[in-house]
Amino acid sequence: MVTSTPFHHQANGQKESNNKIIVNNLKEMLDEKKGRWEEEILFLLWEDRTTSKVATSQTPYSLVFGTEAMIPTKVVILTARYLLQKKEDNNRILTQDLDTIDELRDLPKIRIAAHQQRITRAYNKTIRVRRFQVGDLVLRKTFQNTKDPSAGKLVPKWEWPYLIDAEAGKGHIG
């Protein structure tokens with residue numbers, strides 16, 4: 001199922017957020033490298049995939065492959081960790097990581113949910129709840145698409161009183 005459509009705003013927002021991060025990092029690198037973006041884009045994408053994110057506290061690479069990535073400089077400039085690693089041990093460790101990958105992916109889901117709750121709490125801190133009863137008169141704010149275009153700048157910001165005749169459930173617009 002494709003969720004990157006006008007009907008799935010959440011997915012579109014996430015894509016836009018990721019693209020914004022990549023574009024901002026690319027702009028920073030382009031300022032320093034002046035016109036060599038073709039050579040730098042692979043390093044930029046690698047950096048983005050191997051940098052831990054706030055919401056999950058893990059890297060996108062580790063969420064996909066179940067293990068941390070080896071940074072290319074650690075392979076070029078040989079470190080003790082890299083030199084002492086044996087191929088058989090590495091395969092055994094990778095197999096163990098595959099066995100526990102589901103548990104490793106559950107922790108970021110929990111962190112994402114907690115992160116979203118913190119964001120929601122911060123956003124809703126300034127919300128003032130108003131309770132209306134059946135029979136109350138309320139004004140409805142006019143929007144650009146409901147205003148009379150010929151009225152000019154003196155058009156009222158509110159439409160005349162509406163009578164509340166029924167109560168809708170939570171999340172329903174009645």
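I started at Arg140, which is partly exposed, with a relative accessible area of 43%. The model I am reading is predicted.

I looked up the partner of Arg140 and found a salt bridge to the side chain of Glu159, 2.9 Å from N to O. Glu159 sits in strand 2 and Arg140 in strand 1 (residues 137-141), so the pair ties together parts that are 19 residues apart in sequence.

I then checked Glu159 itself. Strand 2 covers residues 158-163. Glu159 is buried, its relative accessible area being 17%, because the cut-off for buried is under 20%. The side chain of Glu159 also makes a polar contact of 2.7 Å with that of Tyr162. Setting aside neighbours within four places in sequence, I listed the contacts of Glu159 as Leu139, Arg140, Thr142 and Thr146.

Next I counted salt bridges and got 2. One of them joins Asp89 and Arg92, with the closest N and O atoms 3.8 Å apart. Both residues lie in helix 6 (residues 87-99), 3 residues apart, about one turn of the helix. Asp89 is partly exposed at 29% relative accessible area, and Arg92 is partly exposed at 44%.

Last, I noted the whole chain. I count 7 helices and 2 strands, in the order α-α-α-α-α-α-α-β-β from the N terminus. Of the 174 residues, 11% are buried. The accessible surface is about 15200 Å², and carbon and sulfur atoms account for 59% of that surface. Among contacts between residues at least 6 apart in sequence, 42% join residues at least 24 apart.

Conventions
Residues numbered from 1 in each chain as written. Predicted model: local features only at pLDDT ≥ 70, side-chain atom pairs only at ≥ 80, totals over all residues. Heavy atoms only, no water. Helix = DSSP H or I, 4+ residues; strand = E, 2+ residues; numbered from the N terminus. Polar contact = N/O pair within 3.5 Å; in protein donor to acceptor, adjacent residues only side chain to side chain. Contact = heavy atoms within 4.5 Å. Buried < 20%, exposed > 50% of the residue type's maximum accessible area, 1.4 Å probe, protein only. Areas by Shrake-Rupley, 256 points an atom, 1.4 Å probe, with all protein chains shown as cover. Salt bridge = Lys/Arg side-chain N within 4 Å of Asp/Glu carboxyl O.
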